[in-house]
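Hi,

Here is the model I promised to pass on.

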Amino acid sequence: MKLKKWKLLLKVMRRTYTNRIIIAFLFVFFGIALVIYLVDPVVKTYPQSVYYCFMIASSVGNGDIIVSTTIARVLSIILSVYSVFAIAVITGVVVSYYNAYTQAQFKDSIENFVDKLEHLPELSHEELVELSDKVKQVHKQ
């Protein structure tokens, strides 16, 4: 069941082009990290630049690394703004997916319940007991 959820999420992401947004975000993120590493003398290593970009993109901003060049500062602003939009879009798609998934499950369960009610005389004893238990659960809620 969990694999089915992931497959559905990936399908939704492909249809809404969220997979492209994620890939573009990763290219921008690591590209900006590379440029900042190359142009700013404060950033000594590429992993340090990735860490800095992560702090910018996640809006944590510890302040332990402060870039000194204008290019690095402009790229930091671009990454900050771009990451806010990218994360908002990704979050929106995931929330929409779960809403649609929950509604589909609810619709399926109601259709299944109505189908069983329509064929009540044909149900076995076990199916009648199961149906009765479901009615009791719904009634408790």
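Let me start with Tyr17, which is partly exposed at a relative accessible area of 47% (buried is under 20%, exposed is over 50% and partly exposed is in between, with a 1.4 Å probe and protein chains only). Tyr17 sits in the loop between α1 (2-15) and α2, and its phi is near 60°, a positive value in a residue other than glycine. Most residues other than glycine have a negative phi. Ser59 also has a positive phi, of about 60°, without being a glycine. You'll find Ser59 in the loop between α3 and α4, and it counts as exposed at 62% relative accessibility.

Before you go further, some housekeeping: this is a predicted model, where local features need pLDDT of at least 70 and side-chain atom pairs count only at pLDDT 80 or more, while totals for chains, interfaces and linings use all residues. Residues are numbered from 1 along each chain as its sequence is written, and side-chain values use heavy atoms, with hydrogens and water left out.

On to the overall fold. The protein chain has 5 helices and 0 strands (DSSP runs numbered from the N terminus, H or I of at least four residues for helices and E of at least two for strands). Its radius of gyration is 25 Å, whereas a compact globule of 141 residues would come out near 14 Å (taken over C-alpha atoms, with the globule rule being 2.2 Å times the number of residues to the power 0.38). Those C-alpha atoms fill a box of roughly 80 × 30 × 20 Å along the principal axes. Of the 141 residues, 22% count as buried.

Last one: Gln105 is in helix α4 and is partly exposed at 39% relative accessible area. Its C-alpha atom is 37 Å from that of Val81, 24 residues away along the chain.

Cheers
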